[in-house]
Amino acid sequence: MQPAVRYSPDVETVPPDEADTIRELSDALQGILETTSRDYGHAVRAVHAKSHGIIRGELEILPGLSPDLAQGLFARPGRYPAIVRISTNPGDLLHDAISVPRGLALKVMGVEGRRLEGSEGATQDFIFVNAPVFSAPDLATFLKSLRLLAKTTDRAEGAKRALSAVLQGAEKAVEALGGESATLKTLGGAPNVHPLGETYFTQTAFRHGDHIAKLSLQPASASLTRHTGRVIDARGRPDAIRETVAADMQAGDAVWILRVQLCRDLDRMPIEDPSVPWDEEISPFIPVARLRALAQPGWTEDAAGLVDDHMRFSVWTGLQAHRPLGAVNRARREPYRMSAAFRSDFNGCPIHEPAAAKEDAP
């Protein structure tokens, strides 16, 4: 196996027009925020607005990691309180029959070390989606997709549900021919799978101390893997996903494995194009931590109120050792801050990083 690539700032390539594209992304997201806050009388996230799971857990860093894996948060064994937020990607609160990709945000508390610029508190955030690659190869393509999503915000929900059904059928047809369409899935053609059974990926690259990596969160306990591939029937149930997660998380303790995939070839495992899968034959995902959650209600209004209104999740919250890399991650920085500030101002509700004490978790 090839050695892991060493991190250096020159692994990133910033095009001259990137700042302009990021401003346009922020404008599109602000348009979504203004539309939804006007409709609801309450500001929600510009993306991943609807939570389907709010779960308390503990992240255990595994002992005996090799030196190239034992970096940053994973440098030494330890246990950290954690919060999991499961969501879907639109910026409006949709009927769950509208099927879109699943997201999982993990906030690890009590994390010490040199922090990213502007990153307050003592937390480390990891953001995952249930697909290994990002839907766009560059920011210009991503901006086009975001504008399409922005145009559907505030449209009649019945039309969205009908469109989702059509797109799911189209996606099945594409897959039957041996392909897969990220665009179809983003716009509502994703299968309506149970989020507790899914494997999640950062899709984008991050610094991993001295190296570079992508991360993945994989279900490990039978209480989770029994839901893998299971489709949730949301007919007549606008909140079917959170109802299902709330019930199924009470059936037993849940365990996920957090894995790291080290970059070993910058040509075949690019930093700037997150639509290219990193070949697991070149560099497999290797376990570095275990996320355990005791049996509990997987979603409650009280927990969602605390996490959805008082917390933000951002790839730019955390340690310098896990600095986000690549254009998509660079583009997340200012829009995430803008979205959190908008919600805080509109709702009159300060957003802050939680402390490590268990009583501070939902």
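This is a predicted model: local features need pLDDT of at least 70, side-chain atom pairs count only at pLDDT 80 or more; totals for chains, interfaces and linings use all residues.

**Strands, cores and rings**

Reader: Which residue in strand 9 is the bridge partner of Glu58?
Author: Strand 1 and strand 9 pair in the antiparallel sense over four bridges, where pairing requires that DSSP finds at least two bridges between two strands. In strand 9, the residue that forms a bridge with Glu58 is Arg292.

Reader: How many helices and strands does the protein have?
Author: Both kinds of element are DSSP runs numbered from the N terminus: helices are H or I runs of at least four residues, and strands are E runs of at least two. By this definition, the protein has eight helices and nine strands.

Reader: What percentage of the residues of the protein count as buried?
Author: A residue is buried when its relative accessible area is under 20%, exposed when it is over 50%, and partly exposed in between, using a 1.4 Å probe and protein chains only. Among the 362 residues of the protein, the buried share is 56%.

Reader: How many of the residues of strand 8 are buried?
Author: Strand 8 comprises residues 254–262. Ala254, Trp256, Leu258, Val260 and Leu262 point one way, Val255, Ile257, Arg259 and Gln261 point the other way, and all are buried. Strand 8 is therefore largely enclosed by the rest of the structure, the buried count being nine of the nine.

Reader: In which sense do strand 8 and strand 9 pair?
Author: Strand 8 is joined to strand 7 (residues 211–219) by seven bridges, and these two run antiparallel; Lys214 stands opposite Gln261 in strand 8. Strand 9 covers residues 286–293, and its residue Arg290 stands opposite Ile257. Strand 8 and strand 9 have seven bridges, and the sense of their pairing is antiparallel.

Reader: Which residue in strand 2 is the bridge partner of Glu60?
Author: Nine of the 11 residues of strand 1 are buried, so strand 1 is largely enclosed by the rest of the structure. Strand 1 and strand 2 run antiparallel and are joined by 10 bridges. In strand 2, Glu60 has as its bridge partner Arg79.

Reader: How many residues does the largest nonpolar core have?
Author: A nonpolar core is a set of buried Ala, Val, Leu, Ile, Met, Phe, Trp, Tyr and Cys residues joined through side-chain atoms within 4.5 Å. Leu73, Phe74, Leu106, Phe128, Trp256 and Leu258 have the most contacts inside the largest core. Apart from it lies another core, of 18 residues, including Ala43 and Met338. The number of residues in the largest nonpolar core is 59.

Reader: Are the rings of Phe74 and Phe126 stacked or edge-to-face?
Author: Rings of Phe, Tyr and Trp (its six-membered ring) pair if their centres lie within 6.5 Å; planes under 30 degrees apart count as stacked, over 60 as edge-to-face and the rest as tilted. The centres of Phe74 and Phe126 are 6.3 Å apart and their planes lie at 25°, so this pair is stacked.

Reader: Which residues do ring pairs link into a cluster?
Author: Phe74 is buried at 1% relative accessibility, and Phe126 is buried at 3%. Phe126 also forms a tilted pair with Phe128, at 6.5 Å centre to centre and 40° between the planes. The cluster linked by ring pairs consists of Phe74, Phe126 and Phe128.

Reader: What distance separates the C-alpha atoms of Pro324 and Arg207?
Author: Pro324 is found in the loop between helix 7 (301–310) and helix 8 (327–347), and its relative accessible area of 1% makes it buried. Leaving aside neighbours within four places in sequence, Pro324 is in contact (heavy atoms within 4.5 Å) with residues including Glu12, Leu116 and Trp316. Pro324 and Arg207 are 117 residues apart along the chain, and their C-alpha atoms are separated by 6.3 Å.

Reader: How many disulfides does the structure hold?
Author: A disulfide is counted when a pair of cysteine sulfur atoms lies within 2.5 Å. Cys263 is buried at 0% relative accessible area, and Cys349 is buried at 13%. The number of disulfides in the structure is zero.

Key: Residues are numbered from 1 along each chain as its sequence is written. Side-chain values use heavy atoms; hydrogens and water are left out.
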